[in-house]
Amino acid sequence: MILLDGKSLSKKIKTDIKNQVDTFKSAGKRPPHLVAILIGDNPASQTYVSAKKKSCEEIGFNSTVIKYPESISQSKLLDEIEKINVNNEIDGLIVQLPLPPHIEPSLVIRNISYKKDVDGFHPINIGNMMLQQPCFLPATPMGIMALIENYNIETTGKSCLIIGRSNIVGSPLSILMSRNTKFANCTVTLAHSKTKDLNLLTKKADIIVMALGVPKFLTNDMIKDSSVIIDVGINRIKSNQTKSGWSLVGDVDFESVKQKCSHITPVPGGVGPMTIVSLLKNTLLSYKRVIYK
């Protein structure tokens, strides 16, 4: 079994980005600048934004976190987004999800400039991804593809089962994995809550991507020998093995599945770090005007 170590790979990518940023600074140029908007006091959102800010600081990016109370109106938020859209000193903007019930996420995403949409959620970026045109790819699928390429996983002609059809992970990843490129060319099945006989699909799949949000859902008896397992799930469960009384686990029963698969991502330390570093890569691409000149 080979561990798909996203933590170590992300460090290598960060080092490469930092070297580029150091070169920009040496030439008297400003560094890339990423802005995150955080609304309310959701602990998970605060943790995610803090991790992104810390990663920016490690590689020399400028990083700004703008916090608003949960009571902020939708119109006020859209006004603030537009100010960032027209600020030429800012290269990337993310609005941390989830949002309060009175704010429509799709409207917020559409109002972020697609040229600064480093999360890769804007309809223009999604459309360009579908057409295989230059775009900012969604960060988590982008990170998964980087893991597959780095570990030289054979994908051509393989059966890839993605469990979870969100617009953030499952749906875009199904497009990327079916592309006519070296580390894709899979026959993709996108399963979801209405899928029947899921066990039959998991036992036939060469590659399984779990993005369901159910702790330890995928077990040893559900997979075939030497399958590749990519676990996107991050679930907080009670544990008597930690001081906090809680632990993080994925959607895969790691201890049982690792005995049977050929490759597997750990949780934490697998897909999570690759998501953040993909966000940084998109911000660098925006800064360099590589995607949208």
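**Salt bridges and their surroundings**

Mentor: Happy to! The structure holds 10 salt bridges, and please keep in mind that this is a predicted model. Let's begin with Arg30 and Glu89, which form a salt bridge whose closest N and O atoms are 3.6 Å apart. This pair links distant parts of the chain, as the two residues are 59 residues apart. Arg30 sits in the loop between helix H1 (6-26) and S2, while Glu89 sits in the loop between helix H3 (74-85) and S4. Arg30 counts as partly exposed because its relative accessibility is 22%, and Glu89, at 47%, also counts as partly exposed.

Now compare a pair within one helix. Lys83 and Glu80 meet through their side chains in a salt bridge, at 3.2 Å from N to O. Both belong to helix H3, and because they are three residues apart there, about one helical turn separates them.

Lys224 lies in the loop between S7 and S8, and Asp206 in the loop between helix H8 (198-204) and S7, so their pairing ties together parts 18 residues apart in sequence. With a relative accessibility of 30%, Lys224 counts as partly exposed. Returning to Arg30, salt bridges with shared partners join Arg30, Glu89, Asp91 and Arg289 into one network.

One is Arg289, which follows H10 and has a positive phi, near 55°. Helix H10 (residues 271-287) has 17 residues, which should span 24 Å at 1.5 Å a residue; its end C-alpha atoms are 25 Å apart, in agreement with that. Of its 17 residues, 13 are buried, so H10 is largely enclosed by the rest of the structure.

S4 (residues 92-95) pairs with strand S2 (residues 33-39) in the parallel sense, over four bridges. Within that pairing, Gly92 in S4 is the bridge partner of Leu34. In a regular strand, side chains alternate between the two faces of the sheet. In S4, Gly92 and Ile94 point one way and Leu93 and Val95 the other, and all are buried.

Let's finish in the loop that holds Lys224. Pro215 is also found between strand S7 (207-210) and strand S8 (228-231), and at 38% relative accessibility it counts as partly exposed. Leaving out residues up to four places away in sequence, Pro215 touches Asn235, Ile237, Val249, Gly250 and Asp251. Strand S10 (residues 246-249) also holds Leu248, which counts as partly exposed at 41% relative accessibility. Together with Tyr48 and Ile234, Leu248 makes a nonpolar surface patch of about 280 Å².

Notes: Residues numbered from 1 in each chain as written. Predicted model: local features only at pLDDT ≥ 70, side-chain atom pairs only at ≥ 80, totals over all residues. Heavy atoms only, no water. Expected span 1.5 Å × (residues − 1). Buried < 20%, exposed > 50% of the residue type's maximum accessible area, 1.4 Å probe, protein only. Pairing = 2+ DSSP bridges. Contact = heavy atoms within 4.5 Å. Patch = residues over 30% accessible without salt bridge, like charges linked within 9 Å, V, L, I, M, F, W, Y side chains within 5 Å. Areas by Shrake-Rupley, 256 points an atom, 1.4 Å probe, with all protein chains shown as cover. Salt bridge = Lys/Arg side-chain N within 4 Å of Asp/Glu carboxyl O.
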